[in-house]
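Here is a friendly walk through one protein model, written for someone who likes to know which residue sits beside which. Please keep the viewer open as you read.

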Amino acid sequence: MIASAREYSDREIYERLEPHIAKWFRRKYGKFTPPQRYAIVEIMRRKNILICAPTGSGKTFACFLGILNYLCELSKRSEIGERVYCLYISPLKALGNDIRKNLEEPLSEISQIFREDGIDIDIRIAVRTGDTTQTERQRMLKKPPHILITTPETAAIVLNAPKFREHLRMIEYVVVDEIHELADSKRGAHLSITLERLQNFCTHDFVRIGMSATIYPLDEVAKFLVGCEYDRDVCEPRDCLIADVSFARKLDVRVISPCRFIDFSSDDVIAKDVTAKDVTERLYERVKDFVDKYRSTLVFTNTRSGAERVSYKLASMIDGECVGTHHSSLSREVRFAVEDGLKSGKMKAVVCSSSLELGIDIGALEFCILIGSPKSSTRLIQRIGRSGHQLGRTARGCIIVTDIDDLVECTVLAKRAMDRKLDRVHVVGMALDVLAQHIVGMATERKWRVEDAFRVVKRAYPYRNLTIEQFIAVLRYLSGNELENVNVYPKIWFDEEEGVFGRKKSSRAIYMSHIGTIPSESSVQVYQKSTRRWIGEIDEPFLERLERNDIFVLGGKTYRFLNADGVRAFVEQCDGQPTIPSWIGEMLPLEYDSAIDIGRFRAEIERRMDEGGKNWRKHIKEWLKREYRIDDVAASDIIAYFECQKRFSGIIPTDKRILIEHFTDEMGRHNIIFHALFGRRTLDALSRAYAFAVSRKYRTNVSVTINDNGFILRVPHTMRSEDVKEIINMVSSSNIEELLRKSIQNTELFRRRFRHCAVRGLMVLKQYRGYDISVGKQQRSSSSILEVVSKIEGFPILEETFREILEEVFDIESAKKVLRRIEHGEISVRFVETPFPSPFAHNLVAMQASDVILMESRRELLQELHRKVLEYVMKGDAALNKIINSIQLS
């Protein structure tokens, strides 16, 4: 049963603590924090618990004080054994070192208090990751730590280490930190089976403790943490308490516009003297103002390249020695130096991407700046929450927006964050490639009966719906010989008649060198096909988005994608607009729940426009400033933006209304714009399905442009309005999965993801007999294998590739939900034919041209689009006569 934890008083907690520890805590802290009041006693009572509390609220001691209390009592009585009592698992290696430090310092102080009474205690703590030396591992084997700090991957390794695993047999506590980083990914699926294998190996049930600062829904994550009891074909979640004290700290988030995006007060004609460079300079000036104001500031960008640009510019504006850069592509030494610089106060500002979102100890920050939308209220809270790193202090920060759509989006996200509304985490599905990897790991332990191994796996929450037929299909793949002609050999033996399986001679070496789920990626070299001339390189995530005949920009020239072989892409030079922007692989996706609230925000503004009478602008501005805490400039921009859209198209798209706008461009191509706010991954699914359906019906190529507010389908010929209206019926909740499977099966996205799944599932090896196998060779091997297994119905790794793309790259469940709501009349669909794009579509249209025009030209394009809109509207509304001469867009 999942239930709420109760709050204990300070007196109740002190009464349960060992006297020396109680004395130390009273001297050091005096009072317990909210998460400590909910968690300490429950952990001492051996209850599973999920702790959700903000950064700096005392989560570490909420989790560990009861454990330390138990270990100190054992040590005091000289009863502590030579074994691991607590396994702490973090998705970040760097976080493990922080935890060790945060435990060793208090333990030293506690030991001193014991020594004052002539008592010696000895509690050992160690970190084991891929960086741990062989000497340190041998030392741990001889004298195991009582608290072992590790990562999900290393936890799986030590579970299969024949000698060290014996130190885990009587483990009593498992702590999973930053659980939100694991629950929705294959690392989480991998960890869930690791924990069930560990539980099956142990002599008794261990206590499971999960920790996170920001996660929702808590009951679902709690089930992921504790797993299930599987008995008589029924899976029931184990008991778990939830300590939800996520409101223990205040949050102060402001949305900042560096300049006016739409200005009704100016008589200038589109402010020709304001260039894109000027807008960027104003953004940097605002960043500098905040950095000057606070002693320590963390600046978040959404890409690593963005972090480098902002850091370089900021360093030129203030003392460069005080500005650091932090992202995952930098060396560990550089990252550690920047983290130490923040802790010591030497760094006044650090610019990062997502690398400092998690709980790495970076000291007491005063302020956080986000440049551009974080695309999720959960991510916004995580980032702003890095400031004011103490209970009782307010976490402060701001978002500096980059355009009018960014302003609308961030206004809603900031409100959601202040209201503590989080985006839903979708616990990862049953990944069959991860299952295959673990089955080989299980086979290295001993001979298994199929029903016993199946029972262990079913207890892992992501695999609660696994069928015995799926399990046996994976066993058949791992033990079969049908793929030997493409160099895939059995990893286990399986006697299906007897219902048992076990290891082959090579099983251990292959499994131990392939543990984990994070795929190897490399740069893709681009060559002109006809001449074999090298042109440049692109990243694999960008290659995944390319389909044959897509056009993209590289080195200032446009190329048509033809095909890829391994890590080589072949192209031909061409004219024409790009169909894929070069930065598409770096974009963070807007989350579904946040997108729905932006749609509701649009609906509320439209309602107030319709019902507000003559003074509706004044009333909406007051409401925006009061409820959303934005300034006069930002409020005026939002009102003007919505007024332009409403007057031009007559319709505001909302969470319950999709607007399909269509027009013919100057080249005779028909553009069909779906204004739909349901999250980027949902739109990815819908746009691909509609594009495939239109392409199949009209036997023509359809290009797709997508952002967080909708997508454009472009066909190379004019369509009748009646034909456009038929498009909405081409995709339904019952056929979208089939359409998507057909649309992706021959794409680079599918080929690359199949390689990832094949490596995880030990079908393609990345290392053999001590030699690394290059990503290019892995890709060529997987391409050969794909040709063969595509003809085998229901092949597990093939099915897993489809599942991964539909559920993790796309969001097919949310797409089906949207389609069902359309079918049931809960979402209306409106159509409008326009002479040119409406204001809400301008950024989408600009995206289509974003790689062939400069930023200044892009700004001129947006201004020209808005000029056309206003001229069109003015024909029927003289009241807007002034707007044509006062619209200003950056």
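Leaving aside its neighbours within four places in sequence, which residues is Thr654 in contact with? They are Gly599, Arg602, Ala603 and Glu606, where contact means heavy atoms within 4.5 Å.

## Before we start

This is a predicted model, in which local features need pLDDT of at least 70 and side-chain atom pairs count only at pLDDT 80 or more, while totals for chains, interfaces and linings use all residues. Residues are numbered from 1 along each chain as its sequence is written, and side-chain values use heavy atoms, with hydrogens and water left out.

## Around Thr654

Thr654 lies in the loop between H23 and strand E25 (657–664). Helices (H or I, at least four residues) and strands (E, at least two) are DSSP runs, numbered from the N terminus. At 6% relative accessibility, Thr654 counts as buried; the term means under 20% relative accessible area, with exposed over 50% and partly exposed in between (1.4 Å probe, protein chains only).

The side chain of Thr654 reaches the backbone nitrogen of Lys656 at 3.1 Å. Thr654 is also 9.7 Å from Ser828, C-alpha to C-alpha, although 174 residues separate the two in sequence.

## A buried arginine

Arg238 has its place in the loop between strand E9 (234–237) and strand E10 (240–244). With a relative accessible area of 12%, Arg238 is buried. A polar atom of its side chain lies 2.4 Å from the backbone oxygen of Val226. Beyond its neighbours within four places in sequence, the contacts of Arg238 include Met1, Ile2, Glu196, Arg208 and Arg459.

Helix H3 (residues 34–44) is mostly covered, with eight of its 11 residues buried. Among them are Pro35, Arg37, Ile40 and Glu42. After H3 comes Arg46, which has a positive phi near 65°.

Arg46 also lies over the face of Tyr70, at 4.6 Å from the ring centre. A charge sits over a ring if NZ of Lys or CZ of Arg is within 6 Å of the ring centre and within 35 degrees of the ring normal. Arg26 lies over the face of Tyr14, at 3.9 Å from the ring centre. Tyr14 belongs to an aromatic cluster with Trp24, Phe25, Tyr29, Phe32 and Phe61.

## Strands and a hairpin

An open sheet of three strands has the order E17-E19-E18, with antiparallel pairing. Strand E17 (448–449) and strand E18 (492–495) stand at the edges, each with a single partner strand, so one side of each has no neighbour in the sheet. Two strands pair if DSSP finds at least two bridges between them; two bridges join E17 to strand E19 (residues 500–503). Trp448 stands opposite Phe501 in E19.

Elsewhere, four bridges join strand E22 (residues 551–554) to strand E23 (residues 557–565), and the two run antiparallel. E23 is in turn joined by six bridges to strand E24 (residues 568–573), again antiparallel. Phe561 is opposite Val571 in E24. The hairpin of E23 and E24 has two residues between the strands, and Gly566 takes a positive phi near 65° there.

## Nonpolar cores

A nonpolar core is a set of buried Ala, Val, Leu, Ile, Met, Phe, Trp, Tyr and Cys residues joined through side-chain atoms within 4.5 Å. The largest has 97 residues, of which Leu435, Tyr463, Phe471, Phe501, Tyr690 and Met763 touch the most other members. Apart from this core lies another, of 53 residues, among them Val279, Ile404, Ala634 and Ile652.

## Aromatic pairs

Rings of Phe, Tyr and Trp (its six-membered ring) pair if their centres lie within 6.5 Å; planes under 30 degrees apart count as stacked, over 60 as edge-to-face and the rest as tilted. By this rule there are 28 aromatic pairs. Phe601 and Tyr628 have ring centres 5.1 Å apart and planes at 70°, so the pair is edge-to-face. Phe601 is in helix H21 (residues 592–611), while Tyr628 is in the loop between helix H22 (616–627) and helix H23 (632–649). Phe601 counts as buried at 2% relative accessibility, and Tyr628 counts as buried at 16%.

The rings of Phe750 and Phe802 have centres 4.7 Å apart and planes at 45°, so this pair is tilted. Phe750 lies in helix H27 (residues 748–760) and Phe802 in helix H29 (residues 796–809), so the pair ties together parts 52 residues apart in sequence. Phe750 and Phe802 are both buried.

How values were computed: A polar contact is a pair of N or O atoms within 3.5 Å; within protein, one must be able to donate a hydrogen and the other to accept it, and residues adjacent in sequence count only if both atoms are side-chain atoms.
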